[in-house]
Amino acid sequence: MFKISVILPCWIVNDELYQLTGKAIQSLQNSNSWNECELIIIDNASPVGGDQLMSIANTYIRNKENLGYPKAVNQGIKLAFGDLICIANNDIKVSPNWIEVTKEVFKRLPEAGSLHFKMIGYEEPFNLGEDVWNKGKERWCTGSFFIWRKKAIEEIGGIDESYGLGGYDDWDWHQRMNHIGGWESVYTNAAGYQHKDSTSQNLRDESERLESDKRNREYFKSKFGKYPEEIWEEKYPGQFKKPWKPFP
C-alpha cells in the first residue's frame, strides 16, 4: 500500500496568495484517502499566514529567507515518509479523486517515475477522462502538481538547487529521470488540477525573473550540451510547438 507525502513550498506575501494557499490545501485534503497522507509545508519566510500554516501541516519548516523553490522542495523530500512524493504549487486546486488515481497508476506501472495530471484554468470545471499515457506524450507532463516515486528520487537526486529561485529546474529533473535514469513520465486525464499560472513567480521583479531564466537556461545547456527545447524537439518532434493547453 502506497503512502503519499505532499510537499507544498510557499512564499506568501499578501492575503490573496494566502487565500489561494488555503484553497489548495483544502482541495488536497478533500479525499476519502487523505488520512493516508502527510502534509509538509516549507515556508520561504512568508510575511503572511505562517502561524495558520503551521497549525495545518503535519510538518512545518520556516526558512529565515526565501531560499527558492528547488531548495524548498528538497527540504521537504528529506523529511517525507511516503513511498510517493507529491509536489504541489500553492496556486492549484485538485480533483477529489487524485489519491485513488495516483495509487492505481503507480501500482499498474512499476516503470513510472512520475505521474502528471490534466491541467486546466483555475475557474474551469473538471472534465476528466480515463486515459493514461506513459510513452510519447511527455509534453503534457507539467510540474505545478505531480507525483514522484521516491525510489526514482533516490536514484537521480532531487531538484538541482543551482537553479536558484526556480525556472528550468523542471526540464532538468525530467531530463535526468527519463533520459538518464530510465524512468517514465506518465500523464493521465483521469484526475486533474486547476492552476492559476505562476502566481508566486509573477510577484518577483520582472527584469530579475527574466535574467534568472536566462541564467538557468544557460546552466541547463552547460549540463546537458543543448538547450531543453532542442533536446525536446529531437526526442519528440513537433510536440514543443503544440500549445500547453488545452490538454486532452
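**Local contacts, helix packing and cysteines in the predicted model**

The backbone oxygen of Ser-46 lies 2.9 Å from a polar atom belonging to the side chain of Arg-62, in a model that is predicted. The side chain of Arg-62 also makes a polar contact, of 3.1 Å, with the side chain of Asp-43. Arg-62 itself is placed in strand S3, which spans residues 59-62, and with a relative accessible area of 44% this arginine is partly exposed. When residues up to four places away in sequence are set aside, the residues touched by Arg-62 are Asp-43, Ala-45 and Ser-46. Of these, Ala-45 is found in the loop between S2 and helix H2 (50-56), where its phi is near 65°, a positive value in a residue other than glycine. Between the C-alpha atoms of Arg-62 and Pro-243, which are 181 residues apart along the chain, the separation is 37 Å.

A positive phi in a residue other than glycine also occurs at Tyr-168, where the angle is near 75°. Tyr-168 is found in the loop between H5 and H6, and it counts as buried because its relative accessibility is 17%, against a limit of under 20%.

Helix H6 (residues 169-180) packs with helix H8 (residues 228-235) at an angle of about 35°, the two axes being 11 Å apart, and the crossing of H6 and H8 is left-handed. On the H6 side the contact is formed by Trp-171, His-174, Gln-175 and His-179, which meet Pro-228, Ile-231, Trp-232 and Lys-235 of H8. By residue class, this contact of H6 with H8 divides into 4 nonpolar, 3 polar and 1 charged.

H6 is also included in what covers the buried residues of helix H3, together with strand S1 (4-10), strand S2 (37-43), strand S4 (84-88), strand S8 (145-149) and helix H5 (150-156). Within H3, which comprises residues 69-79, the buried positions are Tyr-69, Pro-70, Ala-72, Val-73, Asn-74, Gly-76 and Ile-77.

Ser-185 is found in strand S9 (residues 184-195) and is buried, with a relative accessible area of 2%. Its side chain takes part in a polar contact of 3.0 Å with the side chain of Asn-178, and in a further polar contact, of 3.3 Å, with the side chain of Ser-114. Not counting residues up to four places away in sequence, Ser-185 touches Ser-114, His-116, Trp-133, Asn-134, Glu-138, Cys-141, His-174, Met-177 and Asn-178. His-174, one of the residues in this list, is also among the H6 residues that meet H8.

The structure holds 0 disulfides. Cys-10 is in no disulfide, since the nearest cysteine sulfur, that of Cys-86, is 14 Å away, whereas a disulfide requires sulfur atoms within 2.5 Å. Cys-86 is likewise in no disulfide, the nearest cysteine sulfur in its case being that of Cys-37, at 8.2 Å. Both cysteines are enclosed by the protein to the extent that they count as buried, Cys-10 having a relative accessible area of 4% and Cys-86 a relative accessibility of 0%.

Key: Residues numbered from 1 in each chain as written. Predicted model: local features only at pLDDT ≥ 70, side-chain atom pairs only at ≥ 80, totals over all residues. Heavy atoms only, no water. Axes fitted to C-alpha atoms, helices over the stretch in contact; angles between N-to-C directions. Helix = DSSP H or I, 4+ residues; strand = E, 2+ residues; numbered from the N terminus. Left-handed = near helix turned anticlockwise from the far one by under 90°. Contact = heavy atoms within 4.5 Å. Nonpolar A, V, L, I, M, F, W, Y, C, P; charged D, E, K, R; others polar. Buried < 20%, exposed > 50% of the residue type's maximum accessible area, 1.4 Å probe, protein only. Polar contact = N/O pair within 3.5 Å; in protein donor to acceptor, adjacent residues only side chain to side chain.
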